[in-house]
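Work through the exercises below with the model open. Try each task before reading its solution.

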Amino acid sequence: MEILHSKIFGEEKSSTPLLVFHGLFGMLDNWGSFGKELGEFLPVHLLDLRNHGRSFHSESMTHDDLADDIARYMEHQGIEKAHVLGHSLGGKAVMQFAVKYPEKVEKLIVVDMTPKAYPPHHQGIIKGLESVDFNTVGSRSDVEAVLSQYIPEKSTIQFLAKSLYWNDEKKLNWRFNLKTLSEKYNEFVSNAIKFGVFEGDTLFISGEKSNYILPQDEYIIKQQFPKATIVVVKNAGHWVQADNPVDFTNVVKQFLGLN
């Protein structure tokens, strides 16, 4: 049984833990400063999703897989109930988890994602990632130069470059499993989460400059998460937690009753 890789802050605290899940092509390190800050109040587990970071690689990548991974991790850690937070793809994972295992969720936080299906929109990024030939690139800047031919946003290139590492053969490679993520892309991005209802306290956090959560999405959100509140964070795009970390963290603390 394979268990997700994690990093834990505030382990000695006795309150309900918070489990945090990153988005597509991300890793738990993206949430380091957030984990540290909230670790002052409660145990915070930052996790790498399957096929990302230091977690195991698999040929399967469904929403159910992601939900079951969370359940297994909690069992492994001896956690009966947790607050769960997920951004983007991580948001899909925690939504599916909450409707499948509602008894394991205290409070649910979904960052810039809804339960609906999204049209494929990472084709340029995937094309760029697949165009990197690790037999010929010798540095991170070489990789960034290749990506810049396909991806116009420098911030996105820098975000992806965080997942580069030197393998045992002294070659650069991606920590994420690009093969599965590109092959199964439609399964986890272009599908809605399965229908089910989570009756517990739920917070959806949207970036003011992002179009992932639209005003008309409130109806479908409330169908599956009837107690959902939607909060818009100013001066933030899709990466809400990176664009406006102060307001983002305050919204989360308030929802969890930490301030």
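**Exercise 1. Find how far apart the C-alpha centres of domain 1 and domain 2 lie.**

Solution. The model is predicted. Start with the centres: those of domain 1 and domain 2 lie 25 Å apart. Domain 1 covers 6–118 + 185–256. Domain 2 covers 122–183. Then collect the residues in contact, taking heavy atoms within 4.5 Å. Domain 1 gives 18 residues and domain 2 gives 17 residues.

**Exercise 2. State the area buried between domain 1 and domain 2, and say which residues of domain 1 lose the most.**

Solution. The buried area is about 1600 Å². Carbon and sulfur atoms give 62% of that area. Now look at the side of domain 1. There F25, Y185 and W239 lose the most area to domain 2. Together these residues make up 46% of what that side buries.

**Exercise 3. Sort the side of domain 1 that touches domain 2 by class, then count the polar links across the interface.**

Solution. Classes come next: eight residues are nonpolar, eight are polar and two are charged. Turn to the pairs. Between domain 1 and domain 2 there are zero salt bridges. Polar contacts join five residue pairs across this interface, both partners at pLDDT 80 or more.

**Exercise 4. Search the whole structure for cavities of 30 Å³ or more, and list the lining of the largest.**

Solution. The search finds one cavity at that cut-off. The largest cavity has a volume of about 90 Å³. Now read off its lining: L24, S88, L89, K92, M113, Y118, H121, H122, F188, V189 and Y212.

Conventions. Residues numbered from 1 in each chain as written. Predicted model: local features only at pLDDT ≥ 70, side-chain atom pairs only at ≥ 80, totals over all residues. Heavy atoms only, no water. Domains from an automatic or database assignment. Buried area = accessible area lost by both parts, 1.4 Å probe. Salt bridge = Lys/Arg side-chain N within 4 Å of Asp/Glu carboxyl O. Polar contact = N/O pair within 3.5 Å; in protein donor to acceptor, adjacent residues only side chain to side chain. Nonpolar A, V, L, I, M, F, W, Y, C, P; charged D, E, K, R; others polar. 1 Å grid on protein atoms, 1.4 Å probe; cavity = no way out; pocket = protein on both sides within 12 Å on 5 of 7 lines; lining within 4 Å. Points joined across faces, edges and corners; volume = space filled by probe spheres on them.
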